[in-house]
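Me: I am new to this structure. Could you show me how to read it, one feature at a time?

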Amino acid sequence: MASRGTVKASGNFNSSADAEVLQKAMKGLGTDEDAILQLLTARSNAQRQEIKATYKTLFGKDLESDLKGELGGKFETLIVGLMTPPMAYDVKSLRDAIKGAGTDEKVLVEILASRTPEQVKQIIAAYKQEYDADLEEDVCGDTSGHFQRLLVILLQASRQRGIQEGNIETDAQVLFKAGEQKFGTDEQTFITILGNRSPEHLRRVFDAYMKLSGYEMEESIKRETSGPLRDLLLAVVKCARSVPAYFAETLYYAMKGLGTDDNTLIRVMVSRSEVDMLDIRSHFRRMFACSLHSMIKGDTNGDYRKALLLLCGGDDA
């Protein structure tokens with residue numbers, strides 16, 4: 001599949017030349033942040049890993065440690081994110097979400113709802129390798145109730161494939177009976193169906209559900225559930241409809257209103273820059289009254305803003 005990312009591998013790539021540019025940018029008094037961000041946003045993640053290896057060979061130092069020593073704040077977090085291999089980035093994000101003070105449910109929701117079953121399996125294996133720990137056990141130790149159960153279902157990474165024609169109507173009816181038609185909500189039914197059916201099957205179920213109930217699936221979830229479970233169910237439904245649209249909305253709400261959720265902004269811009277940022281941008285423009293570029297520009301500043309705008313890659317004014 002052709003990448004829909006904004007960040008592409010550089011054509012005439014030379015890891016030694018790049019390593020020297022970075023070393024020079026950090027040498028002596030002061031740091032040339034602009035040289036660092038211009039270079040790293042113009043290389044693919046795989047190329048950044050090569051630069052890291054060459055940097056160590058040439059200078060006997062760790063590039064990431066040097067960057068951390070020279071940079072600071074949100075800009076540092078963003079650059080270190082770009083230097084991390086994608087799978088390791090997801091794994092570290094999940095680990096920090098679980099092991100930090102209190103659980104960052106937002107991160108668990110975003111990663112586990114949006115990654116493919118294949119990616120989830122790789123994340124579980126990489127987590128085990130990195131921390132010698134079981135991701136499912138760690139998640140269970142930190143969550144509870146139906147929220148926990150749906151996370152566990154997603155961690156099984158065994159969604160059905162394709163569309164089960166015979167089950168579309170039944171699934172829609174069962175969901176209707178479990179929510180809108182019932183006093184109280186049967187959450188178990190929601191998590192079993194939404195956690196196990198394929199995205200293309202679920203899209204057909206949502207249409208059937210709308211015909212049957214007169215409601216969009218999201219409306220019913222908002223009315224019938226609350227808290228982290230509600231957030232996770234909504235994310236699963238939105239990702240079944242369109243992963244880029246889900247991320248467009250995630251970015252919008254990370255910046256809307258007072259204050260910016262920089263962690264979410266950084267995580268999404270880093271992790272989607274080589275995947276589907278072009279699609280995220282076009283959904284963003286359709287869904288909101290501005291472009292992603294203009295919103296980042298108005299909400300951030302300095303080198304941090306410059307680097308984010310390069311990852312965004314263009315303005316859809």
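Predicted model: local features only at pLDDT ≥ 70, side-chain atom pairs only at ≥ 80, totals over all residues.

Me: Where in the chain do Arg43 and Asp18 sit?

Reply: Arg43 is in the loop between helix 2 (33-40) and helix 3 (45-59). Asp18 belongs to helix 1 (residues 15-26).

Me: Are Arg43 and Asp18 buried or exposed?

Reply: Both Arg43 and Asp18 are buried.

Me: How many salt bridges does the structure hold?

Reply: It holds 23. Take Asp66 and Lys61, whose closest N and O atoms are 3.4 Å apart. Asp66 has 18% relative accessibility, so Asp66 counts as buried. Lys61 has a relative accessible area of 38%, so Lys61 is partly exposed.

Me: Which residues are linked in a network of salt bridges?

Reply: Asp34, Asp303 and Lys306 are.

Me: Now helix packing. At what angle do helix 13 and helix 15 pack?

Reply: Look at the angle, then at the distance between the axes. Helix 13 (residues 199-213) and helix 15 (residues 227-241) pack at about 100 degrees, and their axes are 8 Å apart. An angle of 65 to 115 degrees counts as roughly perpendicular. Helix 13 and helix 15 are therefore roughly perpendicular to each other.

Me: Which residues make the contact?

Reply: Helix 13 brings Pro199, Leu202, Arg203 and Phe206. Helix 15 brings Val237, Ala240 and Arg241. By class, the contact has 5 nonpolar residues, 2 charged ones and no polar ones.

Me: Arg241 is charged. With which residue does the side chain of Arg241 meet in a salt bridge?

Reply: With Glu216, at 3.2 Å from N to O. Arg241 is partly exposed, with a relative accessible area of 30%. Glu216 is partly exposed too, at 32%.

Me: Next, the interior. What is the general idea?

Reply: In soluble globular proteins, nonpolar side chains tend to be buried together. Here, the largest nonpolar core has 92 residues. Those with the most contacts inside this core are Leu67, Leu194, Leu232, Leu251, Met269 and Leu292. Helix 15 gives the most to the core, with 9 residues.

Me: What does Met269 touch?

Reply: Set aside residues up to four places away in sequence. Met269 then touches Leu251, Met277, Leu292, Ile296, Leu308, Leu311 and Cys312.

Me: Met277 is in helix 18. Which residues of helix 18 are buried?

Reply: In helix 18 (residues 277-287), they are Met277, Asp279, Ile280, Arg281, His283 and Phe284.

Me: What covers the buried residues of helix 18?

Reply: The cover includes helix 16, helix 17 (262-272), helix 19 (292-299) and helix 20 (302-312).

Me: One last residue. Where is Tyr246 found?

Reply: In helix 16 (residues 243-255). Tyr246 has 9% relative accessibility, so Tyr246 counts as buried. Leave aside neighbours within four places in sequence, and Tyr246 is in contact with Val109, Glu110, Ser114, Ala235, Lys238 and Cys239.

Me: How far apart are Tyr246 and Ala235?

Reply: They are 11 residues apart in sequence and 7.2 Å apart in space, C-alpha to C-alpha.

Methods. Residues numbered from 1 in each chain as written. Heavy atoms only, no water. Axes fitted to C-alpha atoms, helices over the stretch in contact; angles between N-to-C directions. Helix = DSSP H or I, 4+ residues; strand = E, 2+ residues; numbered from the N terminus. Parallel < 35°, antiparallel > 145°, perpendicular 65-115°, else oblique. Contact = heavy atoms within 4.5 Å. Nonpolar A, V, L, I, M, F, W, Y, C, P; charged D, E, K, R; others polar. Buried < 20%, exposed > 50% of the residue type's maximum accessible area, 1.4 Å probe, protein only. Core = buried A, V, L, I, M, F, W, Y, C linked by side-chain atoms within 4.5 Å. Salt bridge = Lys/Arg side-chain N within 4 Å of Asp/Glu carboxyl O.
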